[in-house]
Amino acid sequence: MKETPLSNCERRFLLRAIEEKKRLDGRQTYDYRNIKISFGTDYGCCIVELGKTRVLGQVSCELVSPKLNRATEGILFFNLELSQMAAPAFEPGRQSDLLVKLNRLLERCLRNSKCIDTESLCVVAGEKVWQIRVDLHLLNHDGNIIDAASIAAIVALCHFRRPDVSVQGDEVTLYTLEERDPVPLSIHHMPICVSFAFFQQGTYLLVDPNELEERVMDGLLVIAMNKHREICTVQSSGGIMLLQDQVLRCSKIAGVKVAEITELIQKALENDKRARKEGGKFGFAESIANQRITAFKMEKAPVDTSDVEEKAEEIIAEADPPPETVSKPVLWTPGTAQIGEGIESSWGDLEEEEEEDEGGSDEVTILDSVKMETEDHNVGNHISDDAPIVLSDSEEDEIIILEPGENPKETRIQANSKQDKVSSKNVIRKKKKKPAD
């Protein structure tokens, strides 16, 4: 575990606050942080929040062969995991010294204290026993992991239900939850750990230290105790020398805190049992506060609608009257039309306009042809009156040859005049030849 070391200024600030009996979160010297317990939909699953420190507990079971030296006792197994999700200082895939110390302390607190009747976990002596496995996952680290883990472990064990079994001869029958109601574990007492942090070589004492206070403390004392004031285990770390009076003082404080926590656990278990029995809502989703962003519903705000009509009349009376002239929302543009309720159809007008446009184009074409005929007639008047007019069906009359610097109309007129002269001569010759015959 590689933590970022505190600077000298931060260390002096924290120690100065502890000397003045002040804590960063506003607690007193012997105050515990708020504890919240929530249960999942399955038996044996819970989340314990100690301030901002959160631990998830999950209990599972299976039928295994017992140990050779304890053929009539079940097996208890505890496993605590520290992931980088809880704190970036934790190294994944490696068991640190802190993790080994916490796992050993949990085993001494819960297994060596005989809080669970292991003989009740035996199904067939020497052949089949129940193995109870308690997995603890640290979700968020804000100090005092061992207290939160011990509470989560004992709560998950109290909430867990194992499947029922029956033995007939050598045959062992395992029943599902639908066939038979599950059986709770036999728990004698509930040991809970309480941590004490010492500063200035035992001069100052704090209960339930947070992460920053753990960084500057000189020593730590953990006392596991049940509500009957029976000490289950004691562990001191840090290498400081404690007096007998200090240990006795801590044990008295631990007895008070354990009694309060035990009562809180029992109330949480009773509430969950009542909710499951009555068919109410239970699970992690129901434990989320409505005031957070992840709220599923909002509180209904009361709305007074008694004087709505009066206010509406006042607003209408104070408002300006509407204008008399109403602007037309339709913009008439060529090539468009609109029909509908309250609007006159304009398709007929557009058809008439198109017909007028077509008629106008025909008239323009006729006028152009008339103009061309008059121009040809005027040009023909310039030709000598003595020249005969010959009508010909030849297509050469309609051919126009364009040459640079010449007027196409004059060129066509000249070609026509030459052809007329040649044709007139031929006619005269034919007339002269007839009398000879």
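Two aromatic rings of Phe, Tyr or Trp, the last represented by its six-membered ring, are taken as a pair if their centres lie within 6.5 Å. By this criterion, the structure, which is a predicted model, holds zero aromatic pairs.

Aromatic rings do, however, take part in contacts with charged side chains. Arg180 is placed over the face of Tyr175, at a distance of 3.9 Å from the ring centre.

Attention was next given to the open spaces of the model. The second largest pocket has a volume of about 540 Å³. Its lining is made up of 22 residues, of which Cys158, Arg161, Pro184, Leu269 and Lys273 are the closest to the pocket centre. Two helices, α3 (145–159) and α5 (244–278), each supply at least two residues of this lining. The largest share, eight residues, comes from α5. In terms of residue class, the lining of the second largest pocket divides into nine nonpolar, six polar and seven charged residues.

The residues that line the largest cavity are Leu14, Ala17, Ile18, Lys22, Arg23, Leu24 and Glu213. Helix α1 (residues 8–19) provides the largest share of this lining, with three residues. The lining of the largest cavity contains four nonpolar and three charged residues, and no polar ones.

Several loop residues were then considered individually. Asn210 is located in the loop that runs between β12 (204–207) and α4 (211–216). With a relative accessible area of 8%, Asn210 falls under the 20% limit and is therefore classed as buried. A polar atom of the Asn210 side chain lies 3.4 Å from the backbone nitrogen of Leu212.

Two further loop positions show positive phi values. Lys114, in the loop between α2 (97–111) and β5 (122–124), has a phi near 55 degrees, a positive value in a residue other than glycine. The relative accessibility of Lys114 is 46%, which lies between the limits of 20% and 50%, so that this residue counts as partly exposed. Gln201 is found in the loop between β11 (192–199) and β12. The phi of Gln201 is likewise positive, at about 55 degrees, although this residue is not a glycine. With a relative accessible area of 59%, which is over 50%, Gln201 is therefore classed as exposed.

Thr53 belongs to strand β3 (residues 53–64). Because its relative accessibility is 0%, Thr53 counts as buried. Although Thr53 and Leu138 stand 85 residues apart along the chain, 8.0 Å separates their C-alpha atoms. Ser195 is a residue of strand β11. A relative accessible area of 1% places Ser195 in the buried class. The C-alpha atoms of Ser195 and Ile145 are 9.5 Å apart in space, and the two residues are 50 positions apart in sequence.

Val247 and Leu221, which are 26 residues apart in sequence, have a C-alpha to C-alpha distance of 8.7 Å.

Methods:
Residues numbered from 1 in each chain as written. Predicted model: local features only at pLDDT ≥ 70, side-chain atom pairs only at ≥ 80, totals over all residues. Heavy atoms only, no water. 1 Å grid on protein atoms, 1.4 Å probe; cavity = no way out; pocket = protein on both sides within 12 Å on 5 of 7 lines; lining within 4 Å. Points joined across faces, edges and corners; volume = space filled by probe spheres on them. Helix = DSSP H or I, 4+ residues; strand = E, 2+ residues; numbered from the N terminus. Nonpolar A, V, L, I, M, F, W, Y, C, P; charged D, E, K, R; others polar. Phe/Tyr/Trp six-rings, centres within 6.5 Å; stacked < 30°, edge-to-face > 60°. Lys NZ or Arg CZ within 6 Å of the ring centre and 35° of its normal. Buried < 20%, exposed > 50% of the residue type's maximum accessible area, 1.4 Å probe, protein only. Polar contact = N/O pair within 3.5 Å; in protein donor to acceptor, adjacent residues only side chain to side chain.
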